[in-house]
Amino acid sequence: MTISRNQMLEFAAQYGTPLYVYDGDEIINHYRELYDFIGHKKLQICYAMKANYNFHILKMLNSVGAALDTVSLGDVLLALRAGFPANKIIYTANNITDQEMDEVKATGVLFNIGSISELERFGKKFPGSDICLRFNPDVKDGDSDKTMTAGDLTKFGILMEEVDKTVEIVRNYQLRVVGLHEHTGSGIQNVDSVFQSMKNLMSLATRERFPDLLFLDFGGGFKVPYMPTERRVDYISMGAEICKLFNAFCKEYGRELKLVFEPGKYIVAEAGYLLTQVCCIKKNRERIIVGCDSGFPQLIRPVLYGAYHHITNLSNPDGPMKVYDICGNICETGDRFAEQRKVQEIHEGDILMIANAGAYCYSMGGVYNMRPMPAEVLVQEGFAELARKRLSPQELVDLIVDESTIPQD
Ligand code: LLP
């Protein structure tokens with residue numbers, strides 16, 4: 001972390017809490033590290049913007065040459081607005097409506113299609129187009145059942161055994177398959193799963209079936225530590241093995257293809273923090289309940305996945321460790337950032353810092369209980385800027401109340 005405790009406390013005072021703080025330098029470092037780890041000359045990192053679509057972060061990543069993984073028309077429009085050229089955007093939606101298909105096609109981005117039925121529909125509408133095909137690599141891994149995106153319980157990807165049927169459809173509509181894709185899961189626990197998924201996808205990618213390939217895309221899912229005791233994956237040796245496997249594949253295929261990965265968490269998770277102020281401390285018999293001014297709509301991972309997010313008391317960093325339930329301000333008992341967690345002694349008014357809040361926190365947010373999402377601050381080279389302002393509750397009400405739908409009497 002390059003932002004000091006005092007700076008964090010200043011941000012909390014200046015912008016108010018709850019507040020997301022992002023370390024832009026760390027985001028860029030993570031992005032660049034991937035190029036060091038995976039030292040392949042035709043590597044392209046496509047940032048998975050679902051992890052964090054803050055406009056300033058997108059612009060920053062565009063300025064260093066990142067490409068982008070998008071999942072909806074909204075993502076595509078935002079990406080274009082941030083300056084990404086259409087040819088650096090891949091669109092991997094599922095359950096696409098006809099209308100979305102038309103509107104996204106008009107933007108010129110590359111479709112990554114993961115079902116036979118959508119492929120048929122796309123082929124009929126847009127014969128002769130370039131496409132990428134998403135296969136289910138049949139390897140199960142990820143940091144929770146909900147985020148494993150391969151194997152037999154998932155809705156994603158075309159089954160490997162359907163490859164020849166897929167090729168038939170491709171030929172029927174003269175589609176040009178320029179890429180093949182797989183995504184195993186988020187927070188992949190075992191690096192062997194990465195290699196196995198690569199091998200499975202590469203086994204489908206014969207010159208005979210797919211003569212026009214320009215790239216293979218092996219998705220995202222690079223794990224980062226969430227617990228202080230968790231060891232970092234040895235990405236240097238993982239990168240070396242990836243290059244070895246991919247080079248051998250290209251040799252057999254007979255052409256040097258681009259090697260694509262689409263990480264989200266790896267680039268932004270550790271670079272984000274959620275600051276929240278303690279409003280109320282009370283006891284429920286044996287438990288000490290710490291009530292914060294944020295809640296699960298602003299950081300849902302503990303509630304949804306049972307995820308661990310480290311919590312530090314910025315206002316009392318050297319205080320004795322005590323056990324607390326750290327709760328949010330939403331009207332549900334399950335609204336806890338942490339249960340029976342040791343944190344430096346907490347008093348009302350203290351500022352708590354929740355770590356790993358850069359990925360899938362703001363982006364999965366909502367306004368349940370009519371609490372507006374927090375502001376976001378981006379720090380780059382020591383300089384902080386407001387990267388998105390907080391709506392006031394009144395502004396939120398004004399957005400929601402649409403006078404034109406209210407009957408006049
Ligand atoms: N590519 C595809 C096709 C994906 O579906 C995803 C994530 C990624 C790339 C990026 O994965 P990453 O590198 O960020 O792990 N909300 C969950 C994670 C869901 C990920 C969904 N897809 C969480 O908070 O853990």
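Reply: The space that the ligand takes up is the largest pocket, a pocket being an open set of points, on a 1 Å grid over the protein atoms alone, with protein on both sides within 12 Å along at least five of seven lines; a molecule sits in a pocket if more than half of its atoms lie within 2 Å of the pocket's grid points. This is a predicted model, in which local features need pLDDT of at least 70 and side-chain atom pairs count only at pLDDT 80 or more, while totals for chains, interfaces and linings use all residues. Residues are numbered from 1 along each chain as its sequence is written, and side-chain values use heavy atoms, with hydrogens and water left out.

Around the ligand there are 19 residues, of which Ser186, Glu262, Lys265, Arg301 and Tyr360 are the closest; a residue counts as near if one of its heavy atoms lies within 4 Å. Sorted by class, this shell holds six charged, eight polar and five nonpolar residues, where Asp, Glu, Lys and Arg count as charged and Gly is among the polar ones. Because domain 1 (24-268) and domain 2 (270-400) both contribute residues to the shell, the ligand lies between them; these bounds come from an automatic or database domain assignment.

Several polar contacts (pairs of N or O atoms within 3.5 Å) can be followed one by one. The side chain of Tyr360 places an N or O atom 2.6 Å from an oxygen atom of the ligand, and a backbone N or O atom of Gly221 is 2.8 Å from a ligand oxygen atom. On the side chain of Asp69, a polar atom lies 3.3 Å from a nitrogen atom of the ligand. Taken alone, the ligand exposes 580 Å², and the protein buries 92% of that, with areas from the Shrake-Rupley method and a 1.4 Å probe.

Methods:
Polar contact = N/O pair within 3.5 Å; in protein donor to acceptor, adjacent residues only side chain to side chain. 1 Å grid on protein atoms, 1.4 Å probe; cavity = no way out; pocket = protein on both sides within 12 Å on 5 of 7 lines; lining within 4 Å.
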